[in-house]
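Me: I am new to this structure. Please take a close look at one part, the sheet, and set it in its surroundings.

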Amino acid sequence: MTDWFEETFAQAPLMAILRGMGVERSVALSTTAWDLGIDAVEVPLQTAADDEALRAVVRLGEERGKVVGAGTILTVEQLDAAAAAGARYVVSPGLDPAVVRAAQERGIPILPGVATPSEVQAALALGLTWLKAFPATWLGPGWFAHIRGPFPQVRFVATGGLNAANVGDYLAAGVRVAAVGSALEDPAQLELMAQLLARR
């Protein structure tokens, strides 16, 4: 799983999260993300409409050779629904060992959410080294600079409240990937993200 995430996130330090946007907006914004150079796209799976959007983005991703993930996975049942919709990886807001083990048994890469050293240590005990840090803006860039001390092997994907104006601070603090959402609909932010990606 570590190698899978290393490869998937190798080309760009940004990730797109398309929460509750419906089919048309999800397809449009995933296209925007891919055209910008953001390879990783996540569609949170919370409603029947989200399932439809996920399936549409997965189909488009397959045409473009891109992998698509499903987010907000809280249960094993949601994990299986995400896999059935074609998600290649899953993301959770928190750390549930049962969901993590189910993903591992099914061979599905998973990014569980953490926000404390205890949760990071528990994730390591489950064999994970790629983790989602949530909510990132509540934690602040300093959290990542400090957490790297005891856990240098962990790679963090920061999510929650990030945009083109602050992602650079998180990347500078050691975050491997920063997730954005509505910023993809703002032309000014798109330009800033394009400049950031060009420097990487």
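What follows is a walk along the sheet, then out into the loops and a helix.

Reply: This is a predicted model, where local features need pLDDT of at least 70, side-chain atom pairs count only at pLDDT 80 or more, and totals for chains, interfaces and linings use all residues. Residues are numbered from 1 along each chain as its sequence is written, and side-chain values use heavy atoms, with hydrogens and water left out.

Begin with the whole. The protein chain holds 10 helices and nine strands. Helices (H or I, at least four residues) and strands (E, at least two) are DSSP runs, numbered from the N terminus. The radius of gyration is 16 Å, close to the 16 Å from the globule rule for 200 residues, so the protein chain is as compact as a globular protein of that length. That radius is taken over C-alpha atoms, and the rule is 2.2 Å times the number of residues to the power 0.38. Along the principal axes, the C-alpha atoms fill a box of roughly 40 × 40 × 25 Å. Of the 200 residues, 50% count as buried. Buried means under 20% relative accessible area, exposed over 50%, and partly exposed in between, with a 1.4 Å probe and protein chains only.

Now the sheet. Nine strands form an open sheet with parallel pairing. Their order is β5-β4-β3-β2-β1-β9-β8-β7-β6. The edges are β5 (110-111) and β6, each with a single partner strand, so one side of each has no neighbour in the sheet. Two strands pair if DSSP finds at least two bridges between them.

Strand β4 (residues 89-91) runs parallel to β5, joined to it by two bridges. Here Val-91 stands opposite Leu-111 of β5.

Gly-113 stands opposite Lys-132 in β7. In a regular strand, side chains alternate between the two faces of the sheet. From β7, Trp-130 and Lys-132 point one way. Leu-131 and Ala-133 point the other way. All four are buried.

Leave β7 at its end. The loop between β7 (130-133) and α7 (136-139) contains Pro-135. The peptide bond from Phe-134 to Pro-135 is cis, with omega near -5°.

Thr-72 lies in the loop between β3 (68-71) and α4 (76-84). Its phi is near 55°, a positive value in a residue other than glycine. Thr-72 is buried, at a relative accessible area of 10%. Thr-47 sits in the loop between β2 (40-44) and α3 (48-64). Thr-47 is partly exposed, at 43% relative accessible area. From Thr-47 to Trp-138 is 91 residues in sequence and 26 Å in space, C-alpha to C-alpha.

Finish in a helix. Ser-30 belongs to α2 (residues 22-36). Ser-30 is buried, with a relative accessible area of 0%. Leaving aside residues up to four places away in sequence, Ser-30 touches Leu-18, Val-41, Val-57 and Leu-60. Contact means heavy atoms within 4.5 Å. Across the protein chain, residues 24 or more positions apart account for 62% of the contacts with a separation of 6 or more.
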